[in-house]
Amino acid sequence: MSRVLADTSSLRQLVVVKGQTVPYYAAALNVIGISEIKQGNFGNGIKAFNAALKAYPNFSAVKNNLNAMKGM
(Lines give C-alpha, C1' and ligand atoms only; values in the text may rest on other atoms or scores of the structure.)
Protein backbone atom coordinates (compact mmCIF):
# COMPACT_ATOMS: atom_id res chain seq x y z
CA MET A 1 0.00 0.00 0.00
CA SER A 2 2.83 2.40 0.77
CA ARG A 3 4.13 2.03 -2.78
CA VAL A 4 0.76 3.06 -4.22
CA LEU A 5 0.49 5.96 -1.80
CA ALA A 6 3.94 7.17 -2.84
CA ASP A 7 3.05 7.10 -6.56
CA THR A 8 1.03 10.30 -6.73
CA SER A 9 1.66 10.56 -10.50
CA SER A 10 -0.92 7.81 -10.90
CA LEU A 11 -3.56 10.35 -9.86
CA ARG A 12 -3.44 11.63 -13.46
CA GLN A 13 -4.01 8.19 -15.01
CA LEU A 14 -7.60 7.04 -15.28
CA VAL A 15 -9.16 3.56 -15.34
CA VAL A 16 -12.74 2.32 -15.50
CA VAL A 17 -14.02 0.38 -12.48
CA LYS A 18 -17.57 -0.98 -12.71
CA GLY A 19 -18.49 1.64 -15.29
CA GLN A 20 -16.98 4.57 -13.39
CA THR A 21 -13.83 6.39 -14.54
CA VAL A 22 -11.54 6.92 -11.56
CA PRO A 23 -7.88 7.73 -10.94
CA TYR A 24 -5.62 4.67 -11.12
CA TYR A 25 -4.38 5.55 -7.65
CA ALA A 26 -7.86 5.23 -6.14
CA ALA A 27 -8.57 2.02 -8.06
CA ALA A 28 -5.34 0.47 -6.80
CA LEU A 29 -6.22 1.37 -3.22
CA ASN A 30 -9.62 -0.26 -3.70
CA VAL A 31 -7.97 -3.49 -4.86
CA ILE A 32 -5.59 -3.35 -1.90
CA GLY A 33 -8.56 -2.90 0.43
CA ILE A 34 -10.33 -5.91 -1.06
CA SER A 35 -7.16 -8.00 -0.75
CA GLU A 36 -6.66 -6.99 2.88
CA ILE A 37 -10.27 -7.82 3.76
CA LYS A 38 -10.00 -11.25 2.11
CA GLN A 39 -6.91 -11.93 4.24
CA GLY A 40 -8.78 -10.92 7.39
CA ASN A 41 -6.88 -7.66 7.83
CA PHE A 42 -9.98 -5.50 8.31
CA GLY A 43 -8.15 -2.49 9.74
CA ASN A 44 -5.80 -2.30 6.77
CA GLY A 45 -8.69 -2.82 4.39
CA ILE A 46 -10.62 0.06 5.88
CA LYS A 47 -7.51 2.27 5.73
CA ALA A 48 -7.08 1.48 2.04
CA PHE A 49 -10.76 2.16 1.29
CA ASN A 50 -10.64 5.45 3.17
CA ALA A 51 -7.49 6.48 1.30
CA ALA A 52 -9.25 5.67 -1.99
CA LEU A 53 -12.19 7.85 -0.97
CA LYS A 54 -9.84 10.65 0.02
CA ALA A 55 -8.29 10.52 -3.45
CA TYR A 56 -11.67 10.26 -5.20
CA PRO A 57 -14.66 10.93 -2.91
CA ASN A 58 -17.28 9.84 -5.48
CA PHE A 59 -15.85 6.33 -5.96
CA SER A 60 -19.03 4.26 -5.71
CA ALA A 61 -17.29 0.84 -5.70
CA VAL A 62 -15.36 1.80 -2.56
CA LYS A 63 -18.51 3.09 -0.89
CA ASN A 64 -20.19 -0.22 -1.73
CA ASN A 65 -17.26 -2.17 -0.29
CA LEU A 66 -17.42 -0.20 2.96
CA ASN A 67 -21.19 -0.72 3.18
CA ALA A 68 -20.73 -4.46 2.59
CA MET A 69 -18.27 -4.59 5.49
CA LYS A 70 -20.96 -3.30 7.84
CA GLY A 71 -22.78 -6.59 7.31
CA MET A 72 -19.74 -8.68 8.28
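**Rings, strands and helices in a predicted model**

Q: Is F59 buried or exposed?
A: First, the ground rules: this is a predicted model in which local features need pLDDT of at least 70 and side-chain atom pairs pLDDT 80 or more, while totals for chains, interfaces and linings use all residues. Residues are numbered from 1 along each chain as its sequence is written, and side-chain values use heavy atoms, without hydrogens or water. Relative accessible area (1.4 Å probe, protein chains only) sorts residues into buried under 20%, exposed over 50% and partly exposed in between. With 0% relative accessibility, F59 is buried.

Q: What kind of aromatic pair do Y56 and F59 make?
A: Rings of Phe, Tyr and Trp (its six-membered ring) pair if their centres lie within 6.5 Å, with planes under 30 degrees apart called stacked, over 60 edge-to-face and the rest tilted. That rule finds one aromatic pair. The centres of the Y56 and F59 rings are 6.5 Å apart and their planes meet at 75 degrees, so the pair is edge-to-face.

Q: Which residues does Y56 contact beyond its neighbours within four places in sequence?
A: Helices (DSSP H or I, at least four residues) and strands (E, at least two) are runs numbered from the N terminus, and Y56 sits in the loop between α3 (42-55) and α4 (60-70). Y56 is partly exposed, at 25% relative accessible area, and its C-alpha atom lies 6.4 Å from that of A26, 30 residues away along the chain. Taking contact as heavy atoms within 4.5 Å, the partners of Y56 are Q20, T21, V22, P23 and A26.

Q: Within what arc do the buried residues of α4 fall?
A: In α4, the buried residues are A61, V62, L66 and M69. Taking directions from the helix axis to the C-beta atoms, they line one face of the helix, because they fall within an arc of 140 degrees.

Q: Which elements are included in the cover over the buried residues of α4?
A: The face of α4 turned away from its buried side carries the exposed residues A68 and K70. On the buried residues themselves, the cover includes β1, β2, α2 and α3.
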